[in-house]
Amino acid sequence: MADRFDCIIVGAGPAGCAAAYKLASDGMSVIVFERGEYPGSKNMSGGILYSTILNKLIPEFWKEAPVERHVTRRRYSMLSKDSEAALDVNINAFSEPPYNNSFTVLRAKFDRWFAKKAEDAGALIVTEAVVDGFITDNEKITGVKVRMEGGEVLAGAVILADGANSLLSEKAGLREKPAAKEMILGVKEIISLPKEVIEDRFSLEGGQGAALEFFGQCLGGFAGQGFIYTNADCLSVGIGCPISVLQENGLKPAGLIEAFKKHPSVRNLLRGGRIEEYGAHMIPEGGFSAMPELTKDGLILCGDAGGLVNPSLYKEGSNLAMASGVFAAETVIEAKKRGDFSKAALDAYVEKLENSFVLKDMKRFKDAPEILRKAPELFKEYPEELLELLRLHFTVSEASKDEVHGELRRSFKGKVPAWRLLKNLWKLRRIIS
Ligand SMILES: Cc1cc2nc3c(=O)[nH]c(=O)nc-3n(C[C@H](O)[C@H](O)[C@H](O)COP(=O)(O)OP(=O)(O)OC[C@H]3O[C@@H](n4cnc5c(N)ncnc54)[C@H](O)[C@@H]3O)c2cc1C
């Protein structure tokens with residue numbers, strides 16, 4: 001006879017581990033299936049872990065978790081082909097606990113630690129176990145089929161936390177294959193550099209970290225962005241580009257990250273570093289309107305599987321994943337008490353998301369993906385013009401300042417239609433704040 005648990009979780013990323021930790025801590029019997037050799041072995045993210053939820057689950061987790069640095073410095077750069085204009089924000093107060101709830105992490109270490117915490121709380125974690133499908137009873141999900149001998153396991157509810165490429169949510173009929181324009185391909189390298197070099201180069205001290213985000217011409221004028229995050233003794237360096245842009249332009253991901261790393265403002269930060277790892281992973285950035293239905297009888301979708309990534313400037317996925325994992329666990333605990341795992345009962349999960357920052361932010365930034373898709377000039381013409389204006393402004397000459405400003409106005413007017421610029425700036429506020 002198949003084993004039976006209160007809850008089965010598929011995937012030991014931040015969403016799955018948060019759900020498992022909460023369920024096990026509340027005395028529920030829970031089993032997690034993870035296809036990787038160990039939790040984190042298949043996982044990749046740019047590297048900023050937003051941790052308000054984790055800090056509630058495991059207070060002062062940073063004292064024991066393998067975090068790399070706490071982020072005190074954030075830099076937003078606009079790149080033209082060969083120049084850069086940046087807003088650099090360095091907040092010393094973020095060096096105090098809880099460290100503004102932003103830490104750089106390496107997922108292979110972090111996920112492993114988080115899964116161990118869930119295990120210590122009582123969850124059973126089974127690795128190298130791919131879940132291929134569901135066991136159903138009249139459309140209600142009652143268990144999963146795992147690719148292993150005797151791999152049929154039953155539960156009151158299944159929490160799907162299998163990430164961006166959630167084939168299982170397609171099998172459950174909750175979503176179709178996501179459109180290419182709704183998916184970003186993230187490509188990331190880990191580049192090692194001595195700790196002292198990182199601290200000198202990025203103006204950091206005592207565990208402080210920096211998160212540098214690059215916009216504009218990061219990818220040779222194609223839509224997308226780049227990032228550099230500082231770890232203890234390596235950098236996470238990467239780019240993100242919509243899959244539709246890759247397909248339409250025949251672009252190769254490896255070529256894009258190379259182009260980014262060759263930009264003068266980027267290459268100087270990476271000087272002397274050695275590539276240790278390379279990986280690519282999808283990010284669901286379709287926003288609120290691309291989200292699938294999140295529940296059905298016996299099933300809840302969490303984290304990236306549910307499309308829960310804030311597509312604005314904040315690029316927040318980890319905190320939403322953990323929040324949804326905790327809400328899913330709470331919902332299963334309540335459902336178990338009532339003995340009701342129907343969709344109607346599990347919809348309490350959606351209500352919890354609605355009442356939290358998760359769906360409030362997803363709704364607030366729902367237009368961001370479309371705005372970015374419809375304004376290709378943000379990635380080429382605007383950055384070029386902005387940097388040209390700055391070049392003119394800062395060029396030392398014997399022209400009077402009035403002459404210089406007149407020249408600036410003429411130069412700008414000729415190239416960027418004012419009405420379109422104003423319209424785009426108005427829309428951009430929906431991405432930025
Ligand atoms: C390049 C890049 C940069 C990013 N940068 C950031 C950032 O700086 N900050 C941030 O907050 N977010 C960032 N994100 C997003 C963030 O990584 C995700 O939102 C977050 O990891 C989602 O967690 P999750 O648990 O839902 O999914 P995942 O972390 O993807 O975990 C899913 C797990 O399910 C397992 N799995 C999948 N299918 C199966 C199956 N059939 N059977 C068993 N196991 C399975 C996988 O092996 C994996 O361990 C970034 C993502 C990428 C790709």
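These legends go with close-up views of a predicted model.

Residue numbers start at 1 along each chain as its sequence is written. Local features need pLDDT of at least 70 and side-chain atom pairs count only at pLDDT 80 or more, while totals for chains, interfaces and linings use all residues, and side-chain values rest on heavy atoms, with hydrogens and water left out.

**View 1. The domains of the chain.** Domain 1 is made of three stretches, 3-66 + 106-178 + 288-355. Domain 2 runs over 181-284 and domain 3 over 372-432; these bounds come from an automatic or database domain assignment. Taken over C-alpha atoms, the centres of domain 2 and domain 3 are 26 Å apart.

**View 2. Where domain 2 meets domain 3.** Here 7 residues of domain 2 are in contact with 6 residues of domain 3 (contact: heavy atoms within 4.5 Å). Together the two domains bury about 560 Å², with 55% of it on carbon and sulfur atoms; buried area is the accessible area (1.4 Å probe) that two parts lose on being put together, summed over both. On the domain 2 side, look for K181, G216 and Q217: they supply 63% of the area that domain 2 buries against domain 3, more than any other three residues.

View 3. The whole structure holds 26 salt bridges, each a side-chain nitrogen of Lys or Arg within 4 Å of a carboxyl oxygen of Asp or Glu. Across the interface of domain 2 and domain 3, though, there are 0. In this close-up, R75 and D88 pair up at 3.1 Å, N to O. R75 sits in strand β4 (residues 67-79) and D88 in strand β5 (residues 84-90), 13 residues apart; strands are DSSP runs (E, at least two residues), numbered from the N terminus. R75 counts as buried at 17% relative accessibility, whereas D88 is partly exposed at 37%. The cut-offs are under 20% relative accessible area for buried and over 50% for exposed, with partly exposed in between (1.4 Å probe, protein chains only).

View 4. K363 and E354 form a salt bridge at 2.6 Å, N to O. K363 has 34% relative accessibility and counts as partly exposed, and E354 is partly exposed at 34% too. Salt bridges that share partners also join R73, R75, E84 and D88 into one network. In the other pair, D347 and K343 have their closest N and O atoms 3.4 Å apart. D347 is partly exposed at 26%, and K343 is partly exposed at 25%.

Conventions. Helices (H or I, at least four residues) and strands (E, at least two) are DSSP runs, numbered from the N terminus.
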